[in-house]
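Q: I have a structure to go through and a few quick questions about the fold and some residues. Can we start with the strands?

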Amino acid sequence: MSDELPTTLPSDEPVLVRYTGPNFFAAMSSIGEDLPGPDPAHPGVLVLDLGALRHYSSTLLKQLEHYVDQLDAAGASLVLLQVEDDQREILRRVGLLDRIGEANVLAPDHHLD
């Protein structure tokens with residue numbers, strides 16, 4: 001897989017993004033600017049591996065909510081990988097679990113390390 005992200009989610013294959021550093025979610029606009037945007041004519045899927053992120057800040061949750069809004073409007077989907085039980089509960093409390101879909105929020109899998 002290339003380290004370069006497409007600007008738009010392709011409709012023919014999911015895009016996998018793995019969180020790798022502390023600055024990825026530092027600015028409120030980073031998700032909207034850094035992750036591929038959805039194309040309403042050809043909805044795609046973004047798979048976001050959050051395994052390296054132990055705590056979900058309010059900034060991250062706001063960014064995810066904004067990105068999910070964009071994906072929903074275009075008919076695209078988000079899948080979250082490596083989500084611990086306590087993190088799943090946070091997503092549930094803020095309403096993101098229902099919006100993303102329980103089946104699209106996956107527990108840690110040691111095969112993905």
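Q: How many bridges join strand 2 to strand 3, and do they run parallel or antiparallel?
A: Five bridges join the two, and strand 2 and strand 3 run parallel. Bear in mind that this is a predicted model.

Q: Which residue in strand 3 is the bridge partner of L46?
A: L78 is the partner of L46 there.

Q: What's the strand order in the whole sheet?
A: The order is 1-2-3, in an open sheet of three strands with parallel pairing. Strand 1 and strand 3 are the edge strands, each pairing on one side only. From one strand to the next, the twist averages 20°.

Q: And which strands does helix 2 touch?
A: Helix 2 packs on the sheet and touches strand 2 and strand 3. The direction of helix 2 makes about 145° with that of strand 3.

Q: Moving on to the core. Which residues touch the most other members of the largest nonpolar core?
A: Those are L46, L48, Y56, L78, L80 and L91, out of 25 residues in that core.

Q: Which elements give two or more residues to it?
A: Strand 1 (15-18), strand 2 (45-49), strand 3 (77-81), helix 2 (58-74) and helix 4 (96-100). Helix 2 supplies the largest share of this core, with six residues.

Q: Back to L46. What does it touch, leaving out residues up to four places away in sequence?
A: With those left out, L46 touches L9, V15, V17, L35, P36, Y67, S77, L78 and V79.

Q: How far apart are E13 and L46?
A: The C-alpha to C-alpha distance is 9.2 Å, and the two are 33 residues apart in sequence.

Q: Where is E13 placed?
A: E13 sits in the segment before strand 1.

Q: Why does E13 count as partly exposed?
A: Because its relative accessibility is 48%, and partly exposed covers what lies between the buried limit of 20% and the exposed limit of 50%.

Q: Which helix is Q87 in?
A: Helix 3, which covers residues 85-93.

Q: What does Q87 touch, again not counting residues up to four places away in sequence?
A: On that count, Q87 touches L53, R54, H55, Y56 and Q82. Of these, Y56 is also one of the core residues that touch the most other members.

Key
Residues numbered from 1 in each chain as written. Predicted model: local features only at pLDDT ≥ 70, side-chain atom pairs only at ≥ 80, totals over all residues. Heavy atoms only, no water. Core = buried A, V, L, I, M, F, W, Y, C linked by side-chain atoms within 4.5 Å. Buried < 20%, exposed > 50% of the residue type's maximum accessible area, 1.4 Å probe, protein only. Helix = DSSP H or I, 4+ residues; strand = E, 2+ residues; numbered from the N terminus. Contact = heavy atoms within 4.5 Å. Pairing = 2+ DSSP bridges. Axes fitted to C-alpha atoms, helices over the stretch in contact; angles between N-to-C directions.
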